[in-house]
Amino acid sequence: MSSAFIGKLPDLETSIFTEMSIMAHQHQAINLSQGFPEFDAPAFLKDKINRAINEGKNQYAPSNGLPELLTQIAEMVHRHYQAELTAEQKLDGLNHVTITTGATEALWVAIQTLVRKNDEVIVFDPAYDSYEPSVELAGGVCRHIALEAPSYAINWALVEQTINANTRAIIINNPHNPSGSILGQSDLSALQTLVGKYNLYVISDEVYEHMTFDGLRHESVLRYPELFKRAFVVSSFGKTFHCTGWKMGYCAAPNELSVEFRKVHQYVNFCSFTPAQVAIAQMLKEQPSHVTGLAGFYQQKRDLLVNALQGSRFNILPSKGTYFLLLDYSAISTLNDREFCQWLTKEIGVAAIPLSPFYQSEQRAIYLENNKVIRLCFAKNDDTLLKAAELLRGL
């Protein structure tokens, strides 16, 4: 009799996002857990994708992406970050942008491109849950550095202490999911110094790049030419255009890294959904105000939820970016964060996400001893946010 099959990620659990969304559905709770918009994609964008389908633009796109979309991305990047990205498409791959099937594919491909057996990659907990499995599948090891509430700021001295001869790359997420913190100029300068000093690479997860609040500027790696020379910058159209189900993203990288990135990308899915590429290119060209208006749009939702929670027993932590808000519930319950989110869903009717699954298992116990924090997604209709806040104020 053969032994039981053991996969390559035997210790990986079901995603907390899947778990809480299923529970929200089962208990008919208001779902502020998984990070997807409750509202629809712009009408202009839907009209353009339908038109592209009806006009027969349904075959393979070039693996790197449609030239018109690459051009619009380059122009958008120049407008926002004063960075020059090559939009011309060539067979030898001399182009800085590759269209991917969502940001998660871009992250996975970037990690597979960079990480070799026994390489180490520094990540910051709480961290998006796709980073570590991707590093492990590449044969690498993650070195976790815990960020602490309420600022969730990076201690760059500790980062330098963690770097060793095996360190290959640093993954940053800016704006940061789940904390809503953002990196400033001093952070990017510190990162640039370490990358140059130790010959490292950077994977910059910037899927919430257009959602920074209170006049704060998004410090993209694209703003720092010397840093970009050793970086992959990952972005998400799904987040930007409220169409997460389309799974459309892209990766910007210098020529040398882009060539290697595409060698992996072409054998993952070869190319991304052609009609969506057509529609997004037209959206970027004809409706640029949607992108520039995102920060104000989501700041209004953040402020609505924060104001509606005033007078509750939650301690509201700062949200400087993304569409997430953290609440400290230590004045309400002694349950750990996972148990509290389960109770909140079943008994109160509001689904949230616990923060502990965003921490490495070794650091999770330490985190749970000192923190009682949950994450709410405010990419919802105003009525939904107000109804959820009313229930939470009653605790």
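In the model, which is predicted, strand E10 (residues 324-328) and strand E13 (residues 373-377) run antiparallel and are joined by 5 bridges. Within this pairing, Phe324 has Cys377 of E13 as its bridge partner. The two strands belong to an open sheet of 4 strands, ordered E9-E10-E13-E12, in which the pairing is antiparallel. Strand E9 (315-316) and strand E12 (353-354) form the edges of this sheet, each pairing on one side only.

The largest nonpolar core comprises 66 residues, and the residues with the most contacts inside it are Phe232, Tyr298, Phe314, Tyr323, Ile374 and Leu392. Helix H4 (residues 102-114) makes the largest contribution to this core, giving 7 residues. Apart from this core lies another, of 63 residues, which includes Leu194, Cys243, Val278 and Ile280. When residues up to four places away in sequence are not counted, Leu392 touches Leu309, Ser312, Phe314, Leu327, Leu344, Val350 and Leu376.

Helix H10 (residues 255-265) has as its buried residues Leu257, Ser258, Phe261, Arg262 and His265. Because these residues cover an arc of only 135° around the axis, they lie on the same side of H10. An α-helix has 3.6 residues a turn, so residues three or four places apart point the same way. The buried residues of H10 pack against H4, as well as against strand E2 (97-100), strand E6 (201-205), strand E7 (231-236) and strand E8 (249-252).

Not counting residues up to four places away in sequence, Tyr81 touches Glu209, His210, His218, Ser220, Leu222 and Arg223. Tyr81 and Val221 are separated by 140 residues in sequence, whereas their C-alpha atoms are 9.1 Å apart in space.

For the chain as a whole, the secondary structure comes to 16 helices and 13 strands. The radius of gyration of the chain is 21 Å, which agrees with the value near 21 Å that a compact globule of 395 residues would have, and the C-alpha trace spans about 60 × 60 × 50 Å along its principal axes. Of the 395 residues, 56% count as buried, and among the contacts with a separation of 6 or more, 76% are accounted for by residues 24 or more positions apart. The accessible surface comes to about 17,100 Å², of which 50% belongs to carbon and sulfur atoms.

Note on methods:
Residues numbered from 1 in each chain as written. Predicted model: local features only at pLDDT ≥ 70, side-chain atom pairs only at ≥ 80, totals over all residues. Heavy atoms only, no water. Pairing = 2+ DSSP bridges. Core = buried A, V, L, I, M, F, W, Y, C linked by side-chain atoms within 4.5 Å. Buried < 20%, exposed > 50% of the residue type's maximum accessible area, 1.4 Å probe, protein only. Contact = heavy atoms within 4.5 Å. Arc of directions from axis to C-beta. Rg over C-alpha atoms; globule rule 2.2 N^0.38 Å. Areas by Shrake-Rupley, 256 points an atom, 1.4 Å probe, with all protein chains shown as cover.
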